[in-house]
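This briefing covers strand pairing, helix packing and backbone geometry in the structure shown below. Please read it alongside the coordinates.

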Amino acid sequence: MDNLVRRLLKASCAFALTAAMAQPALAQSTRKQLKAANKYFSQENYRASLPLYEQVLAKEPNNAQALFRAGIAYMSFDKEKASDYIYKAQRLKKNVSKDVEYWLGRVDHLNYNFDEAISHFQAYNATLKSKDTRKKELAQLIQHSKNAKVQFNSPKDIFVKNLGPTINTQWSEHSPVISNDDKVLLFTSRSDNMSNAPAVNPDGKLNDKNKIAADGQYYENIYEAKRIDDENWEKPRSLSGVLNGKGHDASIQVFDNDTKLLMYRNDENGDILYSEKSGTDWTEPKKLNKNINTSGFESDAYITPDGLTIYFSTSKYSEDNTLDIYTATRQPGGDWGPAKTLGNAVNTVYDDDSPYLSKDGKTLYFSSRGHNTMGGYDIFKSDWDSVGRKWGRPENMGYPINTPDDDTYYRLSPDGSYAYLSSYRIGGYGEKDIYTINYIKNAIIRGRVLSQKDSTVIPGVQLVFSGTQADKTALSYNDVTKPVTGDYQVSVLSGRTYQVAVSKDGKNIETQEFPVPISTNDSTVITKDFYVPYVDTSGTNIAQLKPIYFDTDKYKLRPESITELNRISEVLKANPGINISIEGNCDSRNTDEYNIVLGQNRADVAYNYLKKSGIAETRMVTVSYGERRPVAANDSPENMQLNRRTDFRVILKEGETAPNMVNPTPTSGANSTNSTNSSTTGTRTTVPLQPGKSKAKLPDGTKVKTKVDEDSDKVKVKTKGANDEKSKTVTKDGTIDSKAKDADGSKTKVKTDND
């Protein structure tokens, strides 16, 4: 505890005791309770004082002295209640304490009200004489609030998660140590065997004096918990039976392949010890040598993986008994050599504690009350300068890793992907809790853009995902939906809501809001389809030539498919310069080879129908993609139905731009089966079959070569895809002979009678 705090508490308690004695209006029992509460308060035994203050307030809810003192006591356990009590005390009695402005500043700082905290500290500072030593400490507190405001307004994209009530209690939990396989957690708790049993009864009496420290809380003990899964732990077991000293014991580190435990014990002002694994338990701890343990206070340490270097915090060498970080190396004889300071780049005139190194030894993490802390201890990191052979200037790891209160014991997981720390935060289970720190990762968002009117996919749509980082820096991601499938894919920073602007051909269709949940791994995939109020009128979109659908394992035309084929026939007759690719598709129920054949049959049945309706063979090519081009995941009957289809795509020659398609002239019986006479339909004339060769390139990069012989009774079509997929289809006298070679080298042969 800071010297300023101790002086103020001592003065406040003396005043409180006098005030309690001087209130004859209070009932005798109330005066007795207030006197007992103030006594515990003066001993900094806040846990014991609070039940007694609450009993006073139950009878005297406007007792300003009890409210003020209880508010200070609550600062270690419930910051929000502490603020309510101290502010209420001041409203009831403006001069409830001569130090009330100081305490209002402290409680506002802890509750993130930094401007108000600065105002209170400045007001308190104005009451002090010019040579008062408290002015220096107040200047530091004001700077803490300024630092905190900067860090809080520039947060990092980090997810802080409480380990939950199995590990954390109303007491203080800290010093997390994780095993090399990430399955066992050692930690320190001030609970009574991980229970919520009160150390102090409502009458202020201690439950078990042998377990209770001077501050009215249980002594620190080491616990072990085994992981059940990513979210849950088994009930912790106490290791105090073999590692227990007379007072506080705390976990520090496991090393030498988890066979040794480094620990703290408050012997001789605080020392570092080690214990060795013995079966499922540990041996009697032994102290490190006198180069590490001194007459000063040694609180924490870290041994490098090679076992040759130790970093530790000690008060031995500082003038005012604050902690600094030192290092020592193992000597040829096997013990630790003389201690050497890490220097002024790391160490400050305030406490610097809890050293920990990254696995490669290039980054030092530690806790400090100095540097540009937000208040109390903050986590800092320093990088090793291999040229200058020294540690670089420490960097505050920022909010929300750090808070206005104490944040300590930063420890990386074995793979370095996340970290543990101990912190007293609003919303926790009590005093300090153990948390995990995860950097927020990207998530893959993929899906399709579809028309609200008929659920057809819309290729060529641009989606722009706009959001902000935690520090309000703008984020923007975009993609354009693919031909045929209308699908898109973007990788976006997770854990925020995006505004998604949907546009086509430079014209905005609409903007939708899409929340993306937090992801802390690199493999999160979210499917999101956008339905928009858009109808394609360009004549080149697949919405103009809609797919037809099939029953499972069938290629027989449905009645509604015949209606759609009649419409497609009319469109093609109204646009004689348009050629199409007829593409058969399947769901994933059968083998890839089987589905290639089935897909070809689905393409052929549409081809034959259009041919009989008067569309020249040279205007159409067929392709089977089998199950390889789904428009939806094959995870439901509805999605599988979407994949059992035949698509129709306009073929563009190389260098050719998309044409404007003419709507067909309405004719009577347009939705009935057309005549097989291919010479005339309405006022449009079809293109006769022309011998010769032609080349075309589909929108997906597939190249198509067509050859029609002199008598127009034999058509040969060759295709070559972007991934070296190849096919050859020969149509002669109503028979189709097709061969295909996939990108992976697999081959497929199909021979069928189109009639």
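Strands β3 (residues 184–189) and β4 (residues 221–226) run antiparallel and are joined by six bridges. The model is a predicted one.

**Sheet with β3 and β4**

- The order β2-β3-β4-β5 describes an open sheet of four strands, and its pairing is antiparallel.
- At the edges of this sheet lie β2 (173–178) and β5 (237–238), each of which pairs on one side only.

**Sheet with β20 and β21**

- Another open sheet has four strands in the order β1-β22-β21-β20, also with antiparallel pairing.
- Its edge strands, each pairing on one side only, are β1 (158–162) and β20 (407–412).
- On average, and with direction ignored, neighbouring strands of this sheet are turned by 25° against each other.

**Strand β32 and its partners**

- Strand β32 spans residues 579–585, and six of its seven residues are buried, so the strand is largely enclosed by the rest of the structure.
- With β34 (residues 645–651), β32 forms an antiparallel pairing of seven bridges.
- N579 is placed opposite I651 of β34.
- With β33 (residues 620–626), β32 pairs in the parallel sense, over six bridges.
- I582 has T622 as its bridge partner in β33.
- Between β32 and β33 the chain passes through helix α11 (residues 592–612), which gives a right-handed β-α-β crossover.

**Helix pair α7 and α8**

- Helices α7 (residues 114–125) and α8 (residues 134–152) pack at an angle of about 170°, and their axes are 9 Å apart.
- Since angles over 145 degrees count as roughly antiparallel, α7 and α8 are therefore roughly antiparallel to each other.
- On the α7 side, the contact includes F114, I118, F121 and Y124.
- On the α8 side, the residues that meet α7 include L138, L141, I142 and F152, with R134, K135, K146 and K149 also among them.
- Sorted by class, this contact comprises ten nonpolar, three polar and five charged residues.

**Backbone features**

- Most residues other than glycine have a negative phi, and most peptide bonds are trans.
- The peptide bond from Y399 to P400 is cis, and its omega is near 15°.
- P400 belongs to the loop between β19 (395–396) and β20.
- N257, which is not a glycine, has a positive phi of about 55°.
- The loop between β6 (249–255) and β7 (260–265) contains N257.
- N257 counts as exposed because its relative accessibility is 69%, where the cut-off for exposed is over 50%.
- D553 is not a glycine either, and has a positive phi of about 65°.
- D553 is located in the loop between β31 (548–549) and α10 (559–574).
- With a relative accessible area of 41%, D553 is partly exposed.

Notes: Residues numbered from 1 in each chain as written. Predicted model: local features only at pLDDT ≥ 70, side-chain atom pairs only at ≥ 80, totals over all residues. Heavy atoms only, no water. Buried < 20%, exposed > 50% of the residue type's maximum accessible area, 1.4 Å probe, protein only. Helix = DSSP H or I, 4+ residues; strand = E, 2+ residues; numbered from the N terminus. Pairing = 2+ DSSP bridges. Right-handed = clockwise from strand over helix to strand, strands pointing away. Axes fitted to C-alpha atoms, helices over the stretch in contact; angles between N-to-C directions. Parallel < 35°, antiparallel > 145°, perpendicular 65-115°, else oblique. Contact = heavy atoms within 4.5 Å. Nonpolar A, V, L, I, M, F, W, Y, C, P; charged D, E, K, R; others polar.
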